Structure formats: structure tokens, C-alpha cells
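Colleague: I'd like to learn how to read a model like this one. Could you take me through it?

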Amino acid sequence: MKKEERKRLKEIMQHTDLERNLPAYANAYMNAVYEYSLIHLVLNYYTIKEVQDESGIMIHDTFLSETLDQIHTLLFKTLLTDEIKENDTSVMEEIDAIRGKITDKMTVLTAYTDALQIYEYVLNRVEYGITGEVFEVEESELAAKVFQYLFHDNDTMVINSKIQMVTGQLPIRMTKSRFFDYLTNTLNIYNGSEKSSVDDFTQMLKSTVLLELPQGFEEAYPEIWKVINVLEHTEFKTLSLESYQGLSEQFSVTTAHLTELVSDYLLMMEIVNDFYAALLAKPFEKNEEAGVTVCISMLRGLHEAFLADSDIPENVDEGFIKIEGLQETLGEDILQYESILNDVMMDHSDTISWMMTDKIFANLLLISKLLSGSLFIDLTEEKAEEEIADSSYITAKRDELVGMLADFFDKHAKEVNRAVMAALFSNMPVLFNSQQEIKDYIEYSLNHCGNSSELMACAKILEEMMEEE
């Protein structure tokens, strides 16, 4: 960032010469995000071209194929022909609608992922009982090794993350009432916090263990749902070796397919966010940097290659040499511009309105969300004054969640219920008050696991986890 730009940011925070500094700040910020979003768009558009050429999944998935076609059309109508206007809302509405559809699809794919993780937990723990494979597990030795693994680091966040992963894999040996006590203690942490935080946390727990299914769960990808449905109605205790092997193979194929789908949806959303940000910036930018011209030329070359179903032209590859290093430089500048944006909007809203620059600042707020790295962030959510969650609100949320879990546990086998408890544990804040409490929990969990198949599976998973360190 140039010296005069840093000086301008400082003066804005000092409320100095706002009539000159605020418009100049907004224009410089907009120029930076326009060039930055174009570079990101080129990179991701290039990547999705490679994905399509290599795997062809975009062609075989109707929604992804149609979405990519929409992107091609919108690119031609806007960035590649320079026709986007400040007051043209139709294009923005279309790109926003595309973003909403991808979000809805991704919600379903996330639910599929959560479901398969629950049944992977179950399949792992019945495996050795079905295959007959046996190996010795020394519980005390394993417990000591796991405890050492947890506290090998001094970083509290790393330690807590490890504890969550480990408790999510240890044998669950507790009554439902004891588990509900853990849940109550976890929710009590939120007493005095904002209600939205409580709502978000409880909603995350519900989604993680499929207490609430998203719209389209059965219809979006029937081939994935059918496998989940088979798993849901499987009697794991009576599985034969042949049935287990067939189910495991079907599970592996489905998981690989889902992983590929999720990867492609994430890439598609990155393209949409980059494109959306560029469209929001386009009417206001006055960027004369060579990087913009290079990016537009590269986008045009990629666009033509998509439509002609041809290889990526050489001039696109050559363009990367010309923009090398720009992304990092612009990214650093944008972080500094963004660092004062919320303060500017709060402290100088009257001045912004008086100078009739509301639109450019509103667009900058949207752009900051789109480029935040949180791909599926809600663009419409506005931060309002929050109500505080008191004990009665926490209790109501707890009773609702416990009621849903109790109903789920009554309808499912013990193996599935333990998998659900484990999934919840791995998403709950650490509640242990001391290292000794953690040590005791690990030892109790391993020493009281009477199921040798589960113990062996747990030992194998924990050993693999620790080997990755």
C-alpha cells in the first residue's frame, strides 16, 4: 500500500478531512477489490475448465452443468463486453439466485456427509466382529499414549481441537441421562451470550446428527440417499461377512462420489463469489492497472475454450506470468482497507449519505463478505442489537434438543445412537476442568469397552490419528 493511502486511512480514523478522504478511500478500495476478484475469478475459472476436461463431472451433473452455462452467459453479458451498469439490478439478481441455489444444494450435500460419517463410525466398530480379525489392545498403554498425544502441544486451541477429535472416537460408555447432563453443561456455557449464538450452536448440533433434514434430502441426489437409506435400515448385529463387504464397497463408492461433488460445488461457489464481487465493483472502479486488462483477456480466452470445448489457449497460461505476485500484494492492501470499513460505516454514515456515496459503501460491505473466505456467508443478514439468552432460554433450547435426541434414540439401534453421541461430542466445546479429568475419561472409556470389535476399531483409528501428528 502506498504511503498516501496509509495516511488517508489514518486521517479517516481521526475524523480528518472526510469529504476528501472518504470518497478517495472508497475508490481506492474498489479498484483493489475489482482487480483482486478478477484474478481470483481467472484462477478458479481456469481450474474448473481443467476439472471438466479431466473428469467431465460438470457435464454429467445437470445442476452443475446448467450453472456453469449460466456463468458463461453472464460473463459474456458483463465483464467481457463491458455492459454492466450501476443501476442494472437484473444481473445482480441472477447471480444472487445462482448463489442461493448452490447454497441449498450444498446444505443437502453437507447433510449427506454428516449421515455417512455416522454410519462410517458404525461400520468401523462392527468390522472386526464380522471379519473375525483379532489383535491385542493394551488399554492402559493406549490411554497413556492418547493422553500424551493430547498435551504434546502447548497451544490451547490445538489441545482442545485434539480433545474433541479423540472424544469423538473413544468408545461411548455412559447412560443417556449422563450424556444429556454433558449437553446441559455445554449449553450453560452460552448463558448470558447472544440468543443467535445459542440458536446457531443448537442448529449445528441438530444438523450434524440429522435431527432436522434439509429440503431435497431424498430428491437432490437419489443415488446417495438410497445408500444412506439402506444403512439406516441395516441390522448391523446380524450382518454376514458377504453383506458387510457389499455394504462397505457401496459405502466407499458413494463417499468418493460425494467427496468429488462437494469439491466441485465449493469450486463453483468460489467462482460465483469472485464473479459477484467483480460485478459489484465494476460500476465504481476506475482501475488502469495492466493486471485488469490481462485478466479480462484471460477470461475471454477461457470463455472461448469452454464454448468451443477446446484446450486452454497458450495466451491464458502466459497471462499468469504477467499477474504473478499481484494477488498477494492486493490481498494485503485489501486487508488494510477492510480493517476500518465497519468503523467507517458506523461512525460516518451521515457523511456518507450526505455525499451520496451510500451505494459504493454498501457494495463494499457485500464485497467484504464475498471475499471473506466464508464461501456460504449470508449476504442479507444484518447485525442488529441482540437479545441476551438467559437461563430460561437456555433451558428451553436444552429441552427441545433433548426431546429430539430422546425420540431419535428410541427409534434407532444402540450402535447408531453411540455414533450420534460421538458426533455430538466432537462438535461440543471441551468441558473437562483439568488434565486429570481428561485422563480419567480416556481410561474409563477404554477400560469399560466390553466389545472387542469396537475396542480394536477405536485403537486402530486413534493410532492412525496420532501417526499423522
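Modeller: Gladly. Helices (H or I, at least four residues) and strands (E, at least two) are DSSP runs, numbered from the N terminus. With that in hand, Glu285 is placed in the loop between helix H11 (241-281) and H12. This is a predicted model, where local features need pLDDT of at least 70, side-chain atom pairs count only at pLDDT 80 or more, and totals for chains, interfaces and linings use all residues. Residues are numbered from 1 along each chain as its sequence is written, and side-chain values use heavy atoms, with hydrogens and water left out.

Colleague: How many helices and strands are there in the protein?

Modeller: The protein has 21 helices and zero strands. Its C-alpha trace spans about 70 × 55 × 40 Å along the principal axes.

Colleague: Is Glu285 buried or exposed?

Modeller: Buried means under 20% relative accessible area, exposed over 50%, and partly exposed in between (1.4 Å probe, protein chains only). Glu285 counts as buried because its relative accessible area is 13%. Of the protein's 469 residues, 47% are buried.

Colleague: Which residues does Glu285 touch?

Modeller: Contact means heavy atoms within 4.5 Å. Not counting residues up to four places away in sequence, Glu285 touches Met30, Asn31 and Tyr34. For the protein, 83% of the contacts with a separation of 6 or more are between residues 24 or more positions apart.

Colleague: Where does Thr351 lie, and is it buried or partly exposed?

Modeller: Thr351 lies in helix H16 (residues 349-354). With a relative accessible area of 21%, Thr351 is partly exposed. Leaving aside neighbours within four places in sequence, Thr351 is in contact with Leu18 and Leu22. Thr351 and Leu22 are 329 residues apart along the chain, yet 8.8 Å separates their C-alpha atoms.

Colleague: How do I check the length of a helix?

Modeller: The expected span of a helix is 1.5 Å times one less than its number of residues. Helix H12 (residues 290-308) has 19 residues and reaches 27 Å from its first C-alpha to its last, close to the expected 27 Å. Just after H12, Asp309 takes a positive phi of about 50°.

Colleague: What about helix H21?

Modeller: H21 (residues 452-467) has 16 residues that should span 22 Å, and its end C-alpha atoms are 22 Å apart, which agrees. Among its buried residues are Glu454, Leu455, Cys458 and Leu462. Covering the buried residues of H21 are, among others, helix H5 (89-131), helix H6 (139-150) and helix H20 (435-447).

Colleague: How should I read a polar contact?

Modeller: A polar contact is a pair of N or O atoms within 3.5 Å; within protein, one must be able to donate a hydrogen and the other to accept it, and residues adjacent in sequence count only if both atoms are side-chain atoms. At the start of H21, a side-chain oxygen of Asn451 reaches to within 3.0 Å of the backbone nitrogen of Ser453. A polar side-chain atom of Arg173 lies 3.4 Å from the backbone oxygen of His448. Arg173 counts as buried, at 17% relative accessibility. Beyond neighbours within four places in sequence, the contacts of Arg173 include Asn451 and Glu454.
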